[in-house]
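Visitor: I am new to this structure. Please take me in close on one part, its residues and their surroundings, and then show me what else deserves a look.

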Amino acid sequence: MIIINNIKLDINSSYEQAISIGVKKLKIPQREIASAFVYKVSVDARGDIKFVYSIGVNLFDTSKEKLFLNKYKDVSVKQIKPLILEYGEKEIDNSPVICGLGPAGLFCGLVLARQGFKPIILEQGEDIDRRTATVKNFENGGKLNPQSNIQFGEGGAGTFSDGKLTTRIGDERCDFVTNTLVEFGAPEQIKYIAKPHIGTDLLVDVIKNIRNEIIRLGGKVLFNTKLIDIITKNNKIESVITQDGKIKTDILVMATGHSSRDTFLMLKEKGLDMQSKPFSVGVRIESLQSEIDKGLYHSLAGHKALPKGEYQLSHHTKTRGVYTFCMCPGGNVVAAASEQDTVVVNGMSYHARDGKNANSALVVSVTPEDFDNDFTKAIEFQRKLEKKAFIMGGKNYNAPAQTVDTFLQGKGGLNINKVTPTYPIGITECNMNELFPTHISDCLKEGMVAMNRKLKGFADLDSVITGVETRTSSPVRIVRNENFQSNINGIFPCGEGAGYAGGIMSAAVDGVRIAQQISKEYKVKV
């Protein structure tokens, strides 16, 4: 495929105009072109706001495409590589077991099922429909289900976080993941918009469709089935134990999410090599989406051709990094606790992103050195913050909250003006400076001021902060070797919970990577 980059047009331009300009740059007859399409489109908000297009062109004679490499400015050539799948020589007697049905487990299961391995997927939470009802019940004042909630259940934590597919990894498997999501019902636009997202409302059906395909191909998905223990023999996985009994297996893919704390501790006791890794803690900050749009688009804010404004901000203090994460345009803050008597917040948007507020995590980095390189201490640090937030919120799952003005002054106060908080259970006015260690709250304050200078409206004095955000990423890395296995043979650490991903796309890519490795080493017993 030939890609023509850096075509800048005003915001009233059409895709057809961009395609025409791109094709003309190649200076070749129309009869040689098999297809031409928008490959990527983004917004350049610096100065006069423009759409920036990349146009993809396929020729009937694909051998001619390489001739355009370095021929013209802003023209590149990309070789579309199919997903490489091989069969190994090691024969296995039992189906591979995958622990977790988040993006990593889902895509690992799909690829293995297509290869004939008939995987068994264990998911401690509920299927997506029951899980959604359980989450709604909790938001409406019902009981928290520690096994099935915003963190646990079919689709993983990303299901209730907008379905954002933005990633910084340049892995060729990204195309496979994107095309697969479209194949199973995601909007076609995720292939070409610069910051693709599906939306929680649409992602639900995509997840179900992939799960049903795994089952159609002979795989099994066991909901409400928690991994309790593993049995090893001669340093090799032999079976897994759930509350329903033993399942023999030669292969265990550990694709739990970043909140599987009891599972991490069980694996540590079983002798897996595990390390502490960096993560971040902080708050959700809510601002008016209209103010974010003004800060980015200025006089063109609200133009129907422009997407909802998104941001990614960072600031370095003398000691730590402060940054925004998981920005949700037109979204809501959600109740993301997974343990009793704790409060955790996250954010989400529906596909339309038509809510009044924008929200994002505003977090401060913490390092393994903060916890003596002991991940169990890191987990306890998270828990301590979550339990304190529960107490400050009133011990009823209300979230502690305040406005930016009082937080910056170092005192409590919730001066609601233009920004109406969206945390569904309820909020309690408090002093968030008392929630965090001083070095964390000081960094948050310095970051707010600096970031609001970069993007006016991000941290207006009446913007609302809600706590506590602790689940930005896994505090654990399960060490794996060059064959992607742990120090116990047959166990494949995978995805975000194992410390090898950060978001839907990178987790799904890692699931594909692990499935490829399993297929490369093993073969299905006929």
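Guide: Start with exposure: a residue is buried under 20% relative accessible area, exposed over 50% and partly exposed in between, using a 1.4 Å probe and protein chains only. This is a predicted model, so local features need pLDDT of at least 70 and side-chain atom pairs pLDDT 80 or more, while totals for chains, interfaces and linings use all residues. Numbering runs from 1 along each chain as its sequence is written, and side-chain values use heavy atoms, without hydrogens or water.

Now the close look. Go to I7. I7 sits in strand β1, residues 2–10. (Helices, H or I of at least four residues, and strands, E of at least two, are DSSP runs numbered from the N terminus.) I7 counts as buried, because its relative accessibility is 4%. What does I7 touch, leaving aside neighbours within four places in sequence? Its contacts, meaning heavy atoms within 4.5 Å, are A18, I21, G22, F51, V52, Y53 and I55. K50 is 43 residues from I7 in sequence, yet the two C-alpha atoms are 9.6 Å apart.

Rings of Phe, Tyr and Trp (its six-membered ring) pair if their centres lie within 6.5 Å; planes under 30 degrees apart are stacked, over 60 edge-to-face, the rest tilted. The count is nine aromatic pairs. One of them joins Y15 and Y53: the planes stand at 85° and the centres are 5.9 Å apart, so this pair is edge-to-face. Y53 is buried, at a relative accessible area of 1%. Y15 is partly exposed, at 33%. Ring pairs also gather Y15, F51, Y53 and Y192 into a cluster.

Another pair is F68 with Y72. This one is tilted, with 45° between the planes and 6.5 Å from centre to centre. F68 is buried at 5% relative accessible area; Y72 is partly exposed at 22%.

Rings can also meet charges. A charge sits over a ring if NZ of Lys or CZ of Arg is within 6 Å of the ring centre and within 35 degrees of the ring normal. K40 does this over Y39, its charged end 5.0 Å from the ring centre. K445 does it over F407, at 5.7 Å.

Next, the backbone. The peptide bond from G467 to V468 is cis, with omega near 10°. V468 belongs to strand β22, residues 464–469. R353 is not a glycine, yet its phi is positive, about 50°. Its place is the loop between β18 (345–348) and β19 (357–366). Is R353 buried or exposed? R353 is buried, at 6% relative accessible area. D372, also a residue other than glycine, has a positive phi near 55°. D372 lies in the loop between β19 and α8 (375–392). D372 is exposed, with a relative accessible area of 54%.

A cavity is a set of points, on a 1 Å grid over the protein atoms alone, where a 1.4 Å probe fits but cannot get out; lining residues have an atom within 4 Å of a point. Points join across faces, edges and corners, and volume is the space filled by probe spheres set on them. There are two cavities of 30 Å³ or more.

The largest cavity holds about 110 Å³. It has 16 lining residues, and P103, L106, L203, I207 and I504 lie nearest its centre. Helices α2 (103–114), α5 (200–216) and α11 each supply at least two of its lining residues. The largest share is four residues, from α5.

The second largest cavity holds about 40 Å³. Its lining is T134, V135, F138, K143, L144, N145, S148, N149, I150 and A335. Helix α3, residues 128–139, gives the most to that lining, with three residues.

Key
1 Å grid on protein atoms, 1.4 Å probe; cavity = no way out; pocket = protein on both sides within 12 Å on 5 of 7 lines; lining within 4 Å.
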